[in-house]
Amino acid sequence: MTLEQLRIFTAVAACQHVTRAAERLNMTQSAVSAAIAALEVRHGVKLFDRIGRSILLNGAGQQFLEEAQKVLAAAQAAEAVLNDLSGLGRGALTIMASQTVGAYWLPGCLAAFRQRFPGIRLQVSLGNTTEVTQAVLEGRAELGLTEGTDAPRGLLSRQIAEDEMIVVVSPLHPWARPGAVVDDLRDSAWILREAGSGTRQAFVRLLEAAGLSLDAIDIELELPGNEAVIGAVENGLTATLVSRSVVAAPLQYGRLALAPVAPLPRPYFLLRHPERYRSKSAEAFERLLENKA
């Protein structure tokens, strides 16, 4: 098998759709289908279940995906060594960021880096904090950017910026009234991010400071993304804890209101693996973040 086949396989696994994977890879649909078929025929195993227009990983595909990702990560590390020998004129840097950091803080850093090092190809993906940590541990991302408090086991972590977490509600919520006081966090229903996200972890810390647990809270919905959470809060009588940078516009235009709950500091962290090869591209990006801080 070839690295190109592995790259195509992981793209189809991520998209669960041949056409979308082909668009991502800038290939024809027939070329992507042929590469998957060649893998399956060559090794006599089905990696996907074809259900209607969808193509879904089966059990064998799930096992193979883990190994394919490891091989691609190793190939990227080897390529980074060669690129470093020619300086910062070319190469690639893989970064994975949590949703809040990646959507609201990171873009300016990426633009500044591209302006200074136009020959470096940036490969950026988003996930929740747990997913970012796992990607750096496994070598699928050379650098990770998350929000949180503790350094994940096995990784080096250092703070690069700071935001704050605030409680927001719709303008019709009782906590939005002038002079409102929040005596008990249990007085409202809540909409939360999914387990594994840094935002969810911050909410647990807010509850612990108030002597409460998740079991004591009325959780109306759990949603996998800031935008979904914000949209749900805007259209109901619920509350949520969210990064201030995420809700700057909704607060400005009156679609959300700030609840009278003390903000929580929210540090942003850079993660990297201490034992994996550290490319010059990664070193340059880290220096840019230091200057930004």
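pLDDT is the predictor's confidence in each residue, on a scale from 0 to 100. This is a predicted model, in which local features need pLDDT of at least 70 and side-chain atom pairs count only at pLDDT 80 or more, while totals for chains, interfaces and linings use all residues. Residues are numbered from 1 along each chain as its sequence is written, and side-chain values use heavy atoms, with hydrogens and water left out.

Start with confidence. The chain has a mean pLDDT of 90. Of its residues, 97% reach 70 or more. Among the elements, helix 4 has the lowest mean, at 85. Strand 10 (residues 257-258) has the highest, at 97. Where pLDDT is low, the predicted coordinates should not be read in detail.

Now the overall layout. The chain holds 11 helices and 11 strands. These are DSSP runs, numbered from the N terminus: helices are H or I with at least four residues, strands are E with at least two. Along its principal axes, the C-alpha trace spans about 70 × 50 × 35 Å. Of the 293 residues, 46% are buried. Buried means under 20% relative accessible area, exposed means over 50%, and partly exposed lies in between (1.4 Å probe, protein chains only).

Contacts come next. A contact means heavy atoms within 4.5 Å. Take the contacts with a separation of 6 or more: residues 24 or more positions apart account for 73% of them.

Go inside the chain. A nonpolar core is a set of buried Ala, Val, Leu, Ile, Met, Phe, Trp, Tyr and Cys residues joined through side-chain atoms within 4.5 Å. The largest such core has 23 residues. Ile8, Phe9, Val12, Val32, Phe48 and Phe64 touch the most other members. Helix 1 (3-15), helix 2 (18-25), helix 3 (29-43), strand 2 (54-57) and helix 4 (59-85) each give two or more residues to this core. Helix 1 supplies the largest share, seven residues. In soluble globular proteins, nonpolar side chains tend to be buried together.

Phe48 then contacts Phe9, Val12, Ala13, Ile36, Glu40, Ile55, Leu56, Leu57 and Asn58. A second, separate core has 22 residues, among them Trp105, Ala284, Phe285 and Leu289.

Move on to Val233. This residue sits in helix 9 (residues 226-234). Is Val233 buried or exposed? Val233 counts as buried, because its relative accessibility is 1%. Beyond its neighbours within four places in sequence, Val233 contacts Val168, Val169, Ser170, Ile191, Thr238, Ala239, Thr240 and Leu256. Leu288 is 55 residues from Val233 in sequence, and their C-alpha atoms are 36 Å apart.

Two loops deserve a stop. Most residues other than glycine have a negative phi. Gln16, in the loop between helix 1 and helix 2, has a positive phi of about 55° although it is not a glycine. Gln16 is partly exposed, because its relative accessible area is 36%. Asn26 lies in the loop between helix 2 and helix 3. Phi of Asn26 is also positive, near 60°. Asn26 counts as exposed, because its relative accessibility is 73%.

End at Arg90, in the loop between helix 4 and strand 3 (91-98). Arg90 counts as exposed, at 51% relative accessibility. Arg90 and Glu234 are 144 residues apart along the chain. Their C-alpha atoms are separated by 45 Å.
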